[in-house]
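These are my notebook entries on a single chain, kept in the order in which I looked things up. I begin with helix packing and then turn to charged pairs.

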Amino acid sequence: MLVATAAVLVPYAVVAAFSPAVFLAGAIGVGGLLLLVLADAAASSRRLVGVEIEAPGIVRLSKRVQGAIELRVKSVGRSFKAIRFGLPLPASVTSDREHFRMALPKADCWYKLKWMVEPIDCGKYVLDSCCLEVPSALGFWWVRRLVPVDSEMRVYPNLRRERKSAAALFLNRGDYGGHLWRQVSKGREFEKLREYIPGDTYQDIHWKTTAKRQHPVTKVYQIERTQEVYVILDSSRLSARRVQVPDTDEQVTLLERYIGSALMLAVAAESQGDLFGLVEFGSKPHLFLKASRGKAHFDTCRNALYTLLPEEASPDFDELVSFVRTRLRKRALLVFLTSLDDAAEAERFKESIPVLSRHHLAIVNMMNPEGASPLFTGEPAGAVAELYGRLGGHIAWRKLHELELHLHNIGVQFNLLDNEHLSADLVTQYMQIKQRQLI
């Protein structure tokens with residue numbers, strides 16, 4: 001349009017300056033160009049009406065991993081030499097291109113468009129439209145249109161790093177990883193009835209069946225192999241602090257690190273034939289997923305956790321204990337992922353946990369606070385400020401050590417886990433409990 005306007009208007013303006021008689025002819029020429037431009041706009045206004053776009057209903061992506069959004073494009077009754085597409089992506093999803101240009105050489109045919117994206121945060125995002133742009137018939141205008149699409153992007157935690165750190169635990173290599181071991185004791189899970197054999201103890205005789213059949217019948221037990229494992233996630237303000245992701249410059253919340261480790265524990269429980277469940281709480285319990293197994297159950301757990309964000313409220317351990325106590329009747333392994341370096345919250349936890357520890361095997365895990373270590377460990381302090389910092393770390397370590405002793409006396413394990421090996425340490429704990437048949 002600019003070129004055409006310059007080609008018509010500039011020459012007539014120059015000539016009209018020296019010859020007023022040409023002014024009328026120039027005005028007619030400019031008016032003709034204006035009518036041509038308006039006619040082009042009117043004729044091309046519906047140029048993109050027949051273009052249809054289909055997007056998948058759900059696009060599953062992993063955080064910090066490049067993935068593709070596959071679109072299907074069709075033009076009804078018209079072909080295009082070039083058409084430009086644009087996706088209004090959310091701020092948490094990046095792409096290496098702002099637009100995509102392709103041709104639709106045949107009408108009424110579906111064409112595939114693969115748009116590569118990389119999400120930087122977990123969550124659920126809606127993709128509700130796609131932008132289209134083509135030149136008008138005479139090239140004076142750009143014709144644009146928003147085509148509605150209905151797609152949902154689900155960005156899950158990236159478990160590749162956790163799988164890599166815990167991969168050796170699933171291998172059978174000598175003394176490391178999961179392998180077969182000799183089962184100790186006969187177990188207490190009923191398997192079947194059989195005829196009495198000399199040497200069977202009187203405690204194993206099934207007296208009701210013995211009276212009915214008029215000869216001794218013995219109960220046979222087996223080792224309990226299918227146990228229930230529950231991860232109890234703390235999504236309160238205690239889990240809102242940020243920590244460094246190992247081997248990267250990225251910082252995430254404690255809750256996000258706990259979610260990745262919980263999903264890895266679900267994979268480990270599945271490999272051992274156990275049932276995996278979830279409890280999530282903050283100011284009150286929000287989520288309870290009954291222990292189960294299988295891919296569908298794992299997807300349910302992942303879908304329940306990937307949008308989870310920390311609350312601003314303090315945890316309510318009393319309500320949590322009541323909630324769990326009323327829903328879990330069978331003895332289970334309860335793996336707490338929380339932070340108890342707050343003295344007030346630790347005291348409340350100590351008062352609440354004995355109700356659960358009498359009926360279940362409870363393990364409390366928290367991330368080791370930075371700098372929390374005995375005073376006289378590591379290299380000598382180089383300055384007075386560093387000495388005071390180490391003294392503060394020693395006080396924090398001492399309080400956590402006292403908490404560990406108290407919980408140990410009531411049958412609750414307490415562990416400080418390293419940030420770098422969080423998932424691997426959690427899976428190792430579970431493997432050791434299985435080997436020792438504590439549940």
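Entry 1, helix packing. For the axes I take lines fitted to C-alpha atoms, for helices over the stretch in contact, and angles that run from 0 to 180 degrees between N-to-C directions. The model is a predicted one, in which local features need pLDDT of at least 70 and side-chain atom pairs count only at pLDDT 80 or more, while totals for chains, interfaces and linings use all residues. I number residues from 1 along each chain as its sequence is written, and the side-chain values use heavy atoms, with hydrogens and water left out. Helices (H or I, at least four residues) and strands (E, at least two) are DSSP runs, numbered from the N terminus.

I looked up helix α5 (residues 254–271) against helix α6 (residues 295–305), and found that they pack at an angle of about 175°, with their axes 11 Å apart. This makes α5 roughly antiparallel to α6, since angles under 35 degrees count as roughly parallel, over 145 as roughly antiparallel, 65 to 115 as roughly perpendicular and the rest as oblique. On the α5 side the contact (heavy atoms within 4.5 Å) is made by Ile259, Leu263, Ala266 and Val267, and on the α6 side by Phe298, Arg302 and Leu305. I then sorted the residues of this contact and noted six nonpolar, no polar and one charged; here Ala, Val, Leu, Ile, Met, Phe, Trp, Tyr, Cys and Pro count as nonpolar, Asp, Glu, Lys and Arg as charged, and the others, Gly among them, as polar.

I counted a salt bridge where a side-chain nitrogen of Lys or Arg lies within 4 Å of a carboxyl oxygen of Asp or Glu, and the structure holds 18 of them. In one, the side chains of Glu54 and Arg72 meet at 2.7 Å, N to O, linking strand β1 (residues 51–54) to strand β3 (residues 67–75) across 18 residues. Glu54 is partly exposed at 38%, and Arg72 is partly exposed at 31%.

Arg237 forms a salt bridge with Glu345, the closest N and O atoms being 3.4 Å apart. Arg237 sits in the loop between β12 (228–234) and β13 (242–244), and Glu345 in helix α8 (residues 343–352), 108 residues apart.

Lys350 and Glu347 both lie in helix α8, three residues apart, about one turn of the helix, and their side chains meet in a salt bridge at 3.3 Å, N to O. I also noted a network of salt bridges that links Lys63, Arg64, Glu250 and Glu256.

I recorded 11 helices and 19 strands, with 41% of the 439 residues counting as buried.

Technical notes: Buried means under 20% relative accessible area, exposed over 50%, partly exposed in between (1.4 Å probe, protein chains only).
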